[in-house]
Amino acid sequence: MRTITPESIVSDLRYLQLLSRSFPTIADASTEIINLEAILNLPKGTEHFLTDIHGEYEAFQHVLKNASGR
């Protein structure tokens with residue numbers, strides 16, 4: 001647990017003043033928090049890895065040109 005000191009209050013106040021420029025109301029800040037949490041809970045995108053193509057230029061180009069992984 002964090003100890004509350006005058007320095008920590010000043011530090012928190014500076015941070016909150018900066019945040020208030022983007023989110024002037026509690027409703028705005030709450031909406032942004034909800035949106036960010038929703039984004040974090042989205043499924044992870046598909047990753048496509050190609051390794052050891054050893055001169056398979058045509059096959060590699062086929063994969064790239066067909067936008068695999070989109």
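Reader: Where is the place of S8?

Author: S8 sits in helix 1. Keep in mind that this is a predicted model.

Reader: Buried or exposed: what does S8 count as, and why?

Author: The relative accessibility of S8 is 12%. Buried means under 20%, so S8 counts as buried.

Reader: Which residues does S8 touch, leaving out those up to four places away in sequence?

Author: Those are R2 and T3. Contact here means heavy atoms within 4.5 Å.

Reader: What makes the pair of S8 and the backbone oxygen of T5 a polar contact?

Author: The side chain of S8 comes to 2.8 Å from that oxygen of T5. The cut-off for a pair of N or O atoms is 3.5 Å, so this pair falls within 3.5 Å.

Reader: Moving along to L19, which helix does L19 lie in?

Author: L19 is part of helix 1, which covers residues 6-22.

Reader: Why is L19 called partly exposed?

Author: Its relative accessible area is 32%. Buried is under 20% and exposed is over 50%, with partly exposed in between, so L19 gets the label partly exposed.

Reader: And which residues make the nonpolar surface patch, and what is its area?

Author: Y15, L16 and L19 make that patch, with an area of about 310 Å². Patch residues need over 30% relative accessible area, and L19 has 32%, so L19 passes that cut-off.

Reader: What about E56: where is its place, and why is it partly exposed?

Author: E56 is found in the loop between helix 2 (26-40) and helix 3 (57-65). Its relative accessible area is 47%; since exposed means over 50% and buried under 20%, E56 is partly exposed.

Reader: How many residues apart are E56 and Y15 in sequence, and how many Å apart in space?

Author: They are 41 residues apart in sequence, and their C-alpha atoms are 54 Å apart.

Reader: What does the accessible surface come to?

Author: About 6900 Å², with 60% of that belonging to carbon and sulfur atoms.

Note on methods
Residues are numbered from 1 along each chain as its sequence is written. This is a predicted model: local features need pLDDT of at least 70, side-chain atom pairs count only at pLDDT 80 or more; totals for chains, interfaces and linings use all residues. Side-chain values use heavy atoms; hydrogens and water are left out. Patches are made of residues with over 30% relative accessible area and no salt bridge: like charges are joined within 9 Å, nonpolar side chains (Val, Leu, Ile, Met, Phe, Trp, Tyr) within 5 Å. Accessible areas come from the Shrake-Rupley method with a 1.4 Å probe; for residues, only the protein chains shown count as cover. A salt bridge is a side-chain nitrogen of Lys or Arg within 4 Å of a carboxyl oxygen of Asp or Glu. Helices (H or I, at least four residues) and strands (E, at least two) are DSSP runs, numbered from the N terminus. Buried means under 20% relative accessible area, exposed over 50%, partly exposed in between (1.4 Å probe, protein chains only). A polar contact is a pair of N or O atoms within 3.5 Å; within protein, one must be able to donate a hydrogen and the other to accept it, and residues adjacent in sequence count only if both atoms are side-chain atoms.
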